Amino acid sequence: MARPAISSAIKRTVRQRCRFGCVICGLPVVHYDHIDDYAVVQEHTAENITLLCPTHHQDKTSKRLPRETVRKANANPYNGRRDFTTKHQIFFDGDHIRFNIGTNIFDSYLEDGKKFSAIIAGGDHFASFIKEDDALLLNLEIRDAVLNPILSIRNGEVLVSTGVQDIAMEGPHLTMTPKFSIKPVKIHFLENGVNISSGFFYAHQRIVDVSPSHVLLIPFNIIMSESYSQSNETGVVF
């Protein structure tokens, strides 16, 4: 008989309890681990499941990380004592970069030492790539309504607030539910760019409201849909 999948509700409970990272080191890229092996307990319960990064998951499986150490960390997770998770580097490749935001496409060909910003809102570079030493580095800052950072990607390093309502990084997909937000943030990392299909993105006296079908630029109520921009430096400034 095939092993049943862990339900979304249990996963969410585990993520929130573990504060969205490995209970040992705080890394936000994680596996769902049964503290007592599934082969023994034969069930999925939130109390017996924790979050481990790929390295610590392999260490536990290979018996280099004792089960009781994981159990203790599950009761007092690394990120429960911190405002942000441990940093995690994400990687991109190529000279041709792309931002898909709603149904809008922002393209650029980057040379070494150059920067491209898809949208600049109130002086803030909402989403940008720079190329340094032949590496593509993503910069994306997501803030709450009072402009406190809740997810920062700076030069490719992801840092997540442990105070959000929920966040999951599964494969190339990142889904985050900020507290008090009316819509989730949905990001798909591409090999040479980023797809942003949902989210409220706050800047100084500006909001970029992204939906799957369009982008609304607030307070000017400018709607962007199915537009295409190719530029060396900037897509849209408002």
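Let's start at Ser 117, which, leaving aside its neighbours within four places in sequence, is in contact with His 125, Ala 127, Ser 128, Glu 233, Thr 234 and Gly 235. Keep in mind as you look around that this is a predicted model. Ser 117 is found in strand 6, which covers residues 115–121. With a relative accessibility of 1%, Ser 117 counts as buried, because the cut-off for that word is under 20%. The side chain of Ser 117 also makes a polar contact with the side chain of His 125, at 2.5 Å.

Strand 7 (residues 124–132) pairs with strand 8 in the antiparallel sense, over six bridges. Ala 127, one of the contacts of Ser 117, stands opposite Leu 140 in strand 8. In the loop between strand 7 and strand 8 you will find Asp 133. Its phi is near 50°, a positive value in a residue other than glycine. Asp 133 counts as exposed because its relative accessibility is 73%, and the cut-off is over 50%.

Strand 8 (residues 135–143) then pairs with strand 9 (residues 149–154), again in the antiparallel sense, over four bridges. Leu 140 turns up here too: its bridge partner in strand 9 is Ile 153. The two strands form a hairpin with five residues between them, and Leu 147 in the turn has a positive phi of about 70°. Next comes strand 10 (residues 157–160), paired with strand 9 in the antiparallel sense over four bridges. Here Leu 151 stands opposite Val 160. Strand 9 and strand 10 form a hairpin with two residues between them, where Asn 155 in the turn has a positive phi of about 50°.

Let's move to helix 4, residues 67–75, where Val 70, Ala 73 and Asn 74 are buried. These three cover an arc of only 105° around the axis, which puts them on the same side of helix 4. What covers the buried residues of helix 4 includes helix 1 (8–18), strand 2 (49–52) and helix 3 (54–61).

What about the cysteines? A search of the whole structure finds zero disulfides. The sulfur of Cys 22 has its closest cysteine sulfur in Cys 25, 3.7 Å away, which is too far for a bond because a disulfide needs the sulfur atoms within 2.5 Å. Cys 53 is in no disulfide either, and its nearest cysteine sulfur, that of Cys 25, is 3.8 Å away. Cys 22 is buried, with a relative accessible area of 0%, and Cys 53 counts as buried at 3% relative accessibility.

Gln 42, in the loop between helix 2 (38–41) and strand 2, has a phi near 60°, a positive value in a residue other than glycine. The peptide bond from Ile 218 to Pro 219 is cis, with omega near 20°. Pro 219 lies in the loop between strand 16 (214–218) and strand 17 (222–224).

Note on methods. Residues numbered from 1 in each chain as written. Predicted model: local features only at pLDDT ≥ 70, side-chain atom pairs only at ≥ 80, totals over all residues. Heavy atoms only, no water. Pairing = 2+ DSSP bridges. Buried < 20%, exposed > 50% of the residue type's maximum accessible area, 1.4 Å probe, protein only. Polar contact = N/O pair within 3.5 Å; in protein donor to acceptor, adjacent residues only side chain to side chain. Contact = heavy atoms within 4.5 Å. Arc of directions from axis to C-beta.
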